[in-house]
Amino acid sequence: MLWKHTSSRQPSVKTMPAMRVSLGLSALAVLSLMATTASSEPLNQLEQRGLELSKLHCARCHIVSEKDRFTGTSASPSFKIMIVALKDWDDRFDSFMARNPHPAHIRLEDDEPRPEHLPSTIHEVILSQDDIEAIISYVDRMAADLGHPRSE
Ligand code: HEC
């Protein structure tokens with residue numbers, strides 16, 4: 001194979017910093033495989049409901065629990081890695097509905113339906129305020145267990 005002979009193509013020390021800068025949120029998805037597990041008390045009812053909802057509505061793209069590490073897409077960081085790696089994880093989760101790519105397929109149940117000529121291009125998810133509260137409660141619990149509690 002040709003590439004074996006073109007060792008000059010390998011990243012040199014000089015190009016490395018540039019590559020590091022280009023790592024976005026999606027690269028965090030890969031790092032999540034390297035994170036460690038914390039053991040803890042069983043989830044309370046609201047947290048458990050949040051876990052179920054996360055599995056149902058978020059696991060299509062994100063790894064939402066250490067027990068289900070094989071869900072998600074490589075473009076989406078796991079919940080855990082966002083908590084561990086992002087200082088403002090709480091702000092981001094609190095506003096995930098408004099953050100891309102979510103508005104393209106998730107909406108609040110009280111929102112107007114999408115206009116017929118602008119449908120969601122992937123399976124649409126409709127959440128209630130209670131659903132969101134449960135999901136956030138699950139994420140808060142996960143963060144507390146990971147030693148990264150929400151900043152109040
Ligand atoms: C269709 C795929 C998909 C689904 C379903 C999905 N997400 Fe995401 N989400 C993504 C992608 C892709 C990103 C990374 C966006 C980026 O790189 O900026 C992301 C990013 C996020 C972020 C970080 C946002 C930011 O701007 O920092 C949060 C928080 C999040 N998702 C929460 C959720 C929650 C909670 C659910 C379930 C209710 C969910 N996501 C469902 C694809 C999805």
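Met 142 touches Phe 79, Lys 80 and Ile 83, leaving aside residues up to four places away in sequence. Two residues touch, or are in contact, if their C-beta atoms, placed from the backbone, lie within 7 Å. This is a predicted model: local features need pLDDT of at least 70, side-chain atom pairs count only at pLDDT 80 or more, and totals for chains, interfaces and linings use all residues. Residues are numbered from 1 along each chain as its sequence is written.

Met 142 also belongs to the largest nonpolar core, which has 18 residues. Such a core is a set of buried Ala, Val, Leu, Ile, Met, Phe, Trp, Tyr and Cys residues joined through C-beta atoms within 7 Å. Phe 79, Ile 83, Tyr 138, Val 139 and Met 142 have the most contacts inside this core. Helix 3, helix 4 (79-85), helix 5 and helix 6 each supply at least two of its residues. Helix 6 gives the most, with six. In soluble globular proteins, nonpolar side chains tend to be buried together.

Now the overall layout. The protein has six helices and two strands. From the N terminus, the order is α-α-α-α-α-β-β-α. Helices (H or I, at least four residues) and strands (E, at least two) are DSSP runs, numbered from the N terminus. Of the 152 residues, 20% count as buried. Buried means 20 or more other C-beta atoms within 10 Å of the residue's own; exposed means 12 or fewer, and partly exposed lies in between, with C-beta atoms placed from the backbone. Among contacts with a separation of 6 or more, 54% join residues 24 or more positions apart.

Phe 93 sits in helix 5 (residues 89-94). Why is Phe 93 counted as buried? Because it has 22 C-beta neighbours inside 10 Å. Phe 93 touches Ile 136 and Val 139, again not counting residues up to four places away in sequence. Phe 93 and Val 139 are 46 residues apart in sequence, yet 8.2 Å apart in space, C-alpha to C-alpha.

Helix 3 (residues 45-57) buries Glu 47, Gly 50, Leu 51, Leu 53 and Ser 54. These buried residues pack against helix 6 (129-145). An α-helix has 3.6 residues a turn, so residues three or four places apart point the same way.

One loop deserves a look. Pro 101 is found between helix 5 and strand 1 (106-108). The peptide bond from Asn 100 to Pro 101 is cis, with omega near 5°. Most peptide bonds are trans.
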